[in-house]
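Open the model in your viewer and keep the sequence panel beside it. Each stop below says what to select and what is there.

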Amino acid sequence: MNLSFLECTRCGDHLSADQPHNVCPKDGGVLYARYDLARLRGKLRSDDLKGRTATMWRYAEVLPGRPENEKPVTLGEGFTPMLPSREYPNVYVKDEGLNPTGSFKARGMSAAVTMARLFGLKKLAVPSAGNAGGALAAYAAAAGLEAHIFMPKDVPIANRMECDYYGAHVTLVDGLISDCARLVAERKEKEDWFDVSTLKEPYRVEGKKTMGYEVAEQLGWKLPQGIIYPTGGGVGLIGMWKAFDEMEQLGWIGPERPRMITVQAAGCAPIVKAWEAGKSTAEMWTGAETFAAGLRVPKAYGDYLILEILKKSKGTAVAATDEEILAAVRHWASAEGVFAAPEGAASLVAYQKLRASGFFKADDAVVLFNTGTAYKYLDLMEAMRRTVRPAPPASRNIGGIIGPY
Ligand SMILES: Cc1ncc(COP(=O)(O)O)c(C=O)c1O
Ligand SMILES: [Zn+2]
């Protein structure tokens, strides 16, 4: 294992990676896993990856775990397609909908559950906007661990059903992910749960950073000019930025970086608001509402990291309305053959806006992340469609044939 220690992103303190940790005990800062990259440099070359397993574990040397003693908890996550857009030359769709459990959350949970099992933890708890809960439930099932999941009662039905089938303990909450987080925090000590909340343990980021390794590898070790990422808690964005630094230290890429773009739903856009106001942290968003369930995160624990990355990378933050997102789901499906989660389709909205404003030029290579599959959102999408375009009247149902969809 090349994992050396954990480092606080606020105060820089080091903690041992030999036991489980949540956040920095001193200041609550997010902890980053640090590896002995100097030792790996030159020994592990990007060429060595050729022929390795087509999962995120192809990057095992820069991931946590002890593969020499215990295999990672894997369901085949990662190494998802990088699809050249048919519509926009130089644009790519990174399709995370093909992951186990249908979203990029699988990557984070594969790494976090691998480490939890290694540490002998038995009960894991998570507040979730939906997909993280489903992913934890699946990986806990694969590892033989207990999963305790708290999610809003109006998450897509797929999220509730998958958790149930995977054998997790599910609590539906009349509130948002922030209310779910409070419940986990209140009960975890008494119940002996280990909290795997977004950025409150160090290894989900590690799984998600593999998206950054894949962007580089799949584009021939050349980073694009821009990456657009649907941001709730922001782990995907944070993880990829960390991956770029690691790859530079390994000598796999140079100092160039993509402009990192956050896209959020207009009904819950705390990062966009903070970015536009030039702030380094975000305020709690009140009255969050969007059918892009994964973006209904009123306060991101790692807001300071997200905003710093946007600034350092000369990126920006863009909001997309639910109507724009639904139209983008339909457009991507018909123009590209990609049936995207609403969160993912928001990336297309952001790209179109940034092309219109001149932020991106036609010859800029830009990767749009589709973070999940639409198949998990059919109920929310159907309800949303009905509000935009009401169902046809019953009189059109003639001879058992219902009128056009
Ligand atoms: C499909 C999808 N996309 C994006 C996000 C936002 O991810 P993050 O919280 O890592 O920013 C989520 C979170 O639930 C999600 O489910
Ligand atoms: Zn600290």
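Two strands pair if DSSP finds at least two bridges between them. Keep that in mind for the first stop. One caution before starting: this is a predicted model.

**Stop 1**

Select strand β1, residues 3–8, together with β3. Five bridges join these two strands, which run antiparallel. Zoom in on Leu6 and look across to β3: Ala33 stands opposite.

Now widen the selection to the whole sheet. It is open, has three strands in the order β2-β1-β3, and pairs in the antiparallel sense. Which strands stand at the edges? They are β2 (14–16) and β3 (31–35). Each has a single partner strand, so one side of each is left without a neighbour in the sheet. From one strand to the next, the twist averages 40°.

**Stop 1: Ser16**

Stay with strand β2 and pick Ser16. Ser16 is partly exposed because its relative accessibility is 30%, and the limits for that class are 20% and 50%. Show the side chain: it reaches the backbone nitrogen of Asp18 at 2.9 Å. Leaving out residues up to four places away in sequence, Ser16 touches Leu6 and His21. Then select Phe5. Ser16 and Phe5 are 11 residues apart in sequence, yet their C-alpha atoms are 5.2 Å apart in space.

**Stop 2: the zinc ion**

Select ligand 2, the zinc ion.

Cys8 counts as buried, at 4%. Cys11 counts as partly exposed, at 31%.

**Stop 3: Asp195**

Jump to strand β9, residues 194–195, and pick Asp195. Buried or exposed? Asp195 counts as buried because its relative accessibility is 4%, and the cut-off is under 20%.

Show the side chains around Asp195. A polar contact of 2.5 Å joins it to the side chain of Ser197. Another, of 3.1 Å, joins Asp195 to the side chain of Lys188. Beyond its neighbours within four places in sequence, Asp195 is in contact with Asn22, Ala125, Pro127, Val184, Lys188, Lys200 and Glu201.

**Stop 4: strand β13**

Select residues 366–370, which make up strand β13. Five of its five residues are buried. In a regular strand the side chains alternate between the two faces of the sheet. Here Val366, Leu368 and Asn370 point one way, and Val367 and Phe369 point the other way.

Next, bring in the partners. Strand β5 (residues 91–95) pairs with β13 in the parallel sense over five bridges. Within that pairing, Asp95 stands opposite Asn370. Strand β10 (residues 226–230) also pairs with β13 in the parallel sense, over three bridges. There, Ile227 has Val367 as its bridge partner.

**Stop 5: the nonpolar cores**

The largest nonpolar core has 89 residues. Select Leu124, Leu136, Ile149, Phe244 and Met247, which touch the most other members. Helix α7, residues 235–250, gives the most to this core, with nine residues.

Centre on Phe244. Not counting residues up to four places away in sequence, Phe244 touches Gly212, Leu223, Ile227, Ile253, Arg257, Pro258 and Met260. A second, separate core holds 37 residues, including Ile261, Val318, Ala341 and Ala345.

**Stop 7**

Most residues other than glycine have a negative phi. Where do you find Phe79? Phe79 is in the loop between α1 (37–40) and β4 (82–84). Its phi is positive, near 50°. Phe79 is partly exposed, with a relative accessible area of 25%.

End at Lys314, in the loop between α9 (303–312) and β12 (316–320). Lys314 has a positive phi of about 55° and is not a glycine. Lys314 is exposed, with a relative accessible area of 59%.

Notes: Residues are numbered from 1 along each chain as its sequence is written. Chains are lettered from A and ligands numbered from 1 in the order in which they are written. This is a predicted model: local features need pLDDT of at least 70, side-chain atom pairs count only at pLDDT 80 or more; totals for chains, interfaces and linings use all residues. Side-chain values use heavy atoms; hydrogens and water are left out. Helices (H or I, at least four residues) and strands (E, at least two) are DSSP runs, numbered from the N terminus. Buried means under 20% relative accessible area, exposed over 50%, partly exposed in between (1.4 Å probe, protein chains only). A polar contact is a pair of N or O atoms within 3.5 Å; within protein, one must be able to donate a hydrogen and the other to accept it, and residues adjacent in sequence count only if both atoms are side-chain atoms. Contact means heavy atoms within 4.5 Å. Axes are lines fitted to C-alpha atoms, for helices over the stretch in contact, and angles run from 0 to 180 degrees between N-to-C directions. Donors are N, O and S atoms within 2.8 Å of the metal (3.2 Å for Na, K and Ca); water is not among the atoms, so sites may look incomplete. A nonpolar core is a set of buried Ala, Val, Leu, Ile, Met, Phe, Trp, Tyr and Cys residues joined through side-chain atoms within 4.5 Å.
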